[in-house]
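I looked up charged pairs, a helix packing and a few loop residues.

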Amino acid sequence: LILDEIHSYTGGQVFSQIFEIPYTYILGLTAQQREDPVEQAFLIKKAPIVDRLNLKEALEKEYVSPFTIYNVGLQLDSHSRALYDDLHTNFMKYFSTFFFNLGTLIKALNNEKQRKNIAKVYNITEQQVYIRAIQGNRLLQKRKEFLYNSEEIFNNTVELINRYPNKKILSFSEVTKFADSLYDATSHCS
């Protein structure tokens, strides 16, 4: 059984059930550990760490291609900036309930024990924690949707790709529409 991004296999019942599949050997690959020590212990129990490889060694052995990270600042127009700031501010109000930890917020959506623990910390009801988790998740999705559909971000990405036409560029997006549009706008680049 080979599990890439094994750190994600503690998130919910479906993922953790993967370990119920009969296997003789298991190989889990990840570039990060779980933040939650209980989840990390679960992974180590199912798939003990037998080797670690740092980025320098991975580059030397050519397991990873050489790369350059460009962090390009983005200026939003005043209207877009105001919309984003409003989404972000509202999201942070709910996110603070979960100690600014996305894993904790997501877990609170599906885990009664998690909600009860958080409710005790803030002296609120479990239902209030659940509502904050739903609202936080909803605002997180709206913020992502805003960013992924931003014409300014799209145009800046196209401009960057056009500026370096002979470079291989990797862009991440959670929606295929952005990736497809990016490909169409830059398909003349090699």
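**Entry 1: a pair in α8.** I started with Arg163 and Glu159, which both lie in helix α8 (residues 151-163), four residues apart, about one turn of the helix. The model is predicted, so I note that side-chain atom pairs count only at pLDDT 80 or more. The two side chains meet in a salt bridge, at 3.0 Å from N to O. I then checked accessibility for both ends. Arg163 is partly exposed, with a relative accessible area of 48%. Glu159 is also listed as partly exposed, at 43%.

**Entry 2: the other salt bridges.** How many salt bridges does the structure hold? I found a total of five.

Lys116 forms a salt bridge with Glu112, and their closest N and O atoms are 3.1 Å apart. Both residues belong to helix α6 (residues 112-122), where they sit four residues apart, about one turn of the helix. Lys116 has a relative accessibility of 41% and counts as partly exposed. For Glu112 I have a relative accessible area of 44%, again partly exposed.

Lys61 is paired with Glu57 in a salt bridge, with 3.1 Å between the closest N and O atoms. Lys61 is partly exposed at 45% relative accessible area. Glu57 comes out at 28%, which is partly exposed because that class lies between the 20% limit for buried and the 50% limit for exposed.

**Entry 3: Asn117.** While in α6 I looked up Asn117, which has its place in that helix. Asn117 is partly exposed, with a relative accessible area of 39%. I also took a distance from Asn117 to Val129, twelve residues apart along the chain, and found their C-alpha atoms separated by 9.6 Å.

**Entry 4: α4 against α7.** Next I turned to the packing of two helices. At what angle do α4 and helix α7 (residues 126-148) pack? The angle is about 155°, and the axes are 8 Å apart. Angles over 145 degrees count as roughly antiparallel, so α4 and α7 are roughly antiparallel to each other. The crossing of the two helices is left-handed.

I then listed the residues that meet. On the α4 side they are Ser80, Leu83, Tyr84, Leu87, His88, Asn90, Phe91 and Tyr94. On the α7 side they are Arg132, Gln135, Gly136, Leu139, Leu140, Lys142, Arg143, Phe146 and Leu147. Sorted by class, this contact of α4 with α7 has nine nonpolar, five polar and three charged residues.

**Entry 5: Thr97.** I moved on to the loop between α4 (78-95) and α5 (102-110), where Thr97 has its place. Is Thr97 buried or exposed? Its relative accessible area is 2%, and buried means under 20%, so Thr97 is buried.

Which residues is Thr97 in contact with, leaving aside its neighbours within four places in sequence? I found Ile118, Tyr122 and Arg132. Of these, Arg132 had already come up among the α7 residues that meet α4. I also took a distance to Tyr148: Thr97 and Tyr148 are 51 residues apart in sequence and 26 Å apart in space, C-alpha to C-alpha.

Entry 6: Phe99 is placed in the loop between α4 and α5. Its phi is near 60°, a positive value in a residue other than glycine. At 45% relative accessibility, Phe99 counts as partly exposed.

Phe100 is found in the loop between α4 and α5 as well. I have its phi as near 55°, which is again positive in a residue other than glycine. Phe100 is partly exposed, with a relative accessible area of 49%.

How values were computed. Residues are numbered from 1 along each chain as its sequence is written. This is a predicted model: local features need pLDDT of at least 70, side-chain atom pairs count only at pLDDT 80 or more; totals for chains, interfaces and linings use all residues. Side-chain values use heavy atoms; hydrogens and water are left out. A salt bridge is a side-chain nitrogen of Lys or Arg within 4 Å of a carboxyl oxygen of Asp or Glu. Buried means under 20% relative accessible area, exposed over 50%, partly exposed in between (1.4 Å probe, protein chains only). Contact means heavy atoms within 4.5 Å. Axes are lines fitted to C-alpha atoms, for helices over the stretch in contact, and angles run from 0 to 180 degrees between N-to-C directions. Angles under 35 degrees count as roughly parallel, over 145 as roughly antiparallel, 65 to 115 as roughly perpendicular and the rest as oblique. A crossing is left-handed if the near helix is turned anticlockwise from the far one by less than a right angle, and right-handed if clockwise. Ala, Val, Leu, Ile, Met, Phe, Trp, Tyr, Cys and Pro count as nonpolar, Asp, Glu, Lys and Arg as charged, and the others, Gly among them, as polar.
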